[in-house]
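I opened this entry to look at how two chains meet. My notes follow the model.

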There are 2 protein chains.
Amino acid sequence: MSLFVMKFGGSSVGTTERMQRVARRIIDKKLQGHRVVVVVSAMGDTTDDLIDKSKELTDNPPAREMDMLLTTGEQISVALLAMTIHKLGHEARSFTGWQAGIVTESVHGKARISEITPTRLHAALDAGAIAIVAGFQGMTEDGEITTLGRGGSDTTAVALAAAIRADVCEIYTDVDGIYSTDPRVVANARKLDVISYDEMLELAHLGAAVLHPRAVEYAKHYNVHLVVRSSFNQNEGTLVREEAAMEQGVVVSGIAFDKNVARISIVGVADIPGVLAKIFGALADESIDVDIIVQSGISNGKADFSFTVSLADRARALGVIERVREEVPYDEATFEENLVKVSIVGAGMVSNPGVAAKMFDVISKTGVSIKMVSTSEIKCSCVIAAEPLNEVVRALHTAYGLDTADAAFVGGPQDRR
Amino acid sequence: MSLFVMKFGGSSVGTTERMQRVARRIIDKKLQGHRVVVVVSAMGDTTDDLIDKSKELTDNPPAREMDMLLTTGEQISVALLAMTIHKLGHEARSFTGWQAGIVTESVHGKARISEITPTRLHAALDAGAIAIVAGFQGMTEDGEITTLGRGGSDTTAVALAAAIRADVCEIYTDVDGIYSTDPRVVANARKLDVISYDEMLELAHLGAAVLHPRAVEYAKHYNVHLVVRSSFNQNEGTLVREEAAMEQGVVVSGIAFDKNVARISIVGVADIPGVLAKIFGALADESIDVDIIVQSGISNGKADFSFTVSLADRARALGVIERVREEVPYDEATFEENLVKVSIVGAGMVSNPGVAAKMFDVISKTGVSIKMVSTSEIKCSCVIAAEPLNEVVRALHTAYGLDTADAAFVGGPQDRR
């Protein structure tokens, strides 16, 4: 008998039929003799509908009240799922985040879990019931309702799995697992049987939307045995774990890409001490995440910088750059859009010096020029023009030996909550 | 500066415009220098929509999970109302039932409030904020979410008013106050300026749907200064209080009627000891509320009984009667529908012996025969055929001097939650 955490996203429970299928899947696990804790997101469009309701009333709702509003979505899901399981003849008890003992820091909209006291979940399991927990939510020590932000239900599942020492945390989604790249772009993309936390973290950060990075961080930190699999079939899925056994000859595990990229360039920056700290400190103060930073050589006592931010932050970032101009004189600030960041990820890269060079070579052969480069021990990212992205990804996929003939992609939009 | 509890029903906040109007009304109260706690029901059809969702999945949901599901309706209301008030430039904090410190007994679907610890409400008021509490819900000592059943939001408002020692508890509804009878039946029905708790309790029990009986009981028990008034205008409404100052010459304050009546008759019951206890004990065990009970004279060692139940309970009641037949032999059990219970209510009745006789006389003059009679110190009820109900009510209204020329009825369905 093992202890399982099973997490289902909003599209997996979006209709009556899907809710019933998920219920049967959970019951199957129970009938195999396991103890089961389930984490569910809000059904289908529920969250968007609630956001729309708030927008009819205000364009600037207090974060506290948004949390109060949005957490009802998951509460509806857990109640209905518990009813469905009950209807099928099994015991189930639903729990809100606070009832499940999920305590978060005192931040609304994107709180981090600080502690879990799963007393009531253990009591439910001991009574032979399936415990069903609302994802994405928690409570502060003062009893305020909070949400965990994007990918919050993944985080709830992994954090709960760590807290109750679950044997396995299964993330059910609408794809078969983690792919070597997006199967909508590369038809014979390969489903990975196993991947390391670090590789998954890079892929997650780089735009592979199956699993939220924060959930992967939790899993790595608490060494949670994490499986990403389909809620539509019985395929094995992808195991995410500490040290992925390298498949023979595989250096690069996956290729990710992110279209949410804007490049900002600052030309002719006076080369005074602390320039970088001033510019990027001011951006950080505005909570603007900067990704790749490139500084070109200094000439005539002036330097050029460029860096990337998300498209949504582009205008705010330019505003910050304009404001620091008094302190940090420069000639000109410009921006560029219609870009994409393509990345190769693989734990084997660190010991294979030619991997990055090969990437530059493959990209250049497609006739695309590389605008920025960033590397880490297990990834290499290039910022290039957005077109022809698919051709570049396919070329890389083939060049690193990731193509396979038998991969099958189960379509549909991917869950993020 | 006074402390107000203001309660708004679901239809009062059913649309964006109505929500905004309610928000302005609350802010007006605050701007008059008062401290304000607001209780809100679920918006418009939210509760029915949630019930429909559960029905798609099961016809017999666990009561615990229904409470988990339905309490989201009020949580959505309080969050959106707090946002709306915030948008209009004032501080508001929303609270679920458990956050407001409302503790109930461990019963799902119709829990009674056992204790209120309004610490967080006081903190919000002390911080200058408007406190907005989800009606209809609470939490058991074990942290289970419960609902208070029909009329629950009225009860929340009155119980909170008692707990925080509010100066006034205002129940906002879509009528101007408590009327001498249903203005849809009697065009010149009179809005009452004042009514006693006991009279209100009788009227509430007898089908005047403006205020839930349990809320009136709470108000009477804790001597809460209760006002029923319209959310659509600034009229004074009706004050419900301990000793209503009798208006000159008014013996009967109001006329109520209830079409939700079925009469069950048991003919030829063996006159053995404890017969009544056995029959009505068995009905009580099934949670069937029995209203009027009439026993006709005993002849040949046998008695006839009749009693009334709600239409919804009629079939179950007959089943119970059938089951007790072994213990309590009888000749026959029959039922009758298409009945109505008409009642006159007034604190002055007890000292005016001719009041009931006048009622029988007025009804008989309309050509309707009286099937059952029940009296208390402040009311007299007759069960009669459902037609011609309106004629009977109008005749009684005139006979007891309740007609007025200037009454205006603000239409629309009445709130119950």
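How many residues of chain A are in contact with chain B, and how many of chain B with chain A? I counted 43 residues of chain A touching 43 residues of chain B, where contact means heavy atoms within 4.5 Å.

I noted the ground rules. This is a predicted model, where local features need pLDDT of at least 70 and side-chain atom pairs count only at pLDDT 80 or more, while totals for chains, interfaces and linings use all residues. Residues are numbered from 1 along each chain as its sequence is written, chains are lettered from A in the order in which they are written, and side-chain values use heavy atoms, without hydrogens and water.

Next I looked up the area. About 3,500 Å² is buried between chain A and chain B, with 63% from carbon and sulfur atoms; this is the accessible area (1.4 Å probe) lost on being put together, summed over both. In chain A, A:Leu57, A:Met68 and A:Met83 lose the most area to chain B, together 19% of what that side buries.

Then I checked charges. There are 4 salt bridges between chain A and chain B (a side-chain nitrogen of Lys or Arg within 4 Å of a carboxyl oxygen of Asp or Glu). One of them joins A:Lys87 and B:Asp59, at 3.4 Å from N to O.

Last, symmetry. Chain A superposes on chain B by a rotation of 180 degrees with 0.1 Å of shift along its axis, RMSD 0.2 Å (least squares on C-alpha atoms of residues with pLDDT of at least 70 in both). The two copies are thus related as by a two-fold rotation axis. In chain A, the C-alpha of A:Thr72 is nearest the axis, 2.6 Å from it.

How values were computed
Buried area = accessible area lost by both parts, 1.4 Å probe.
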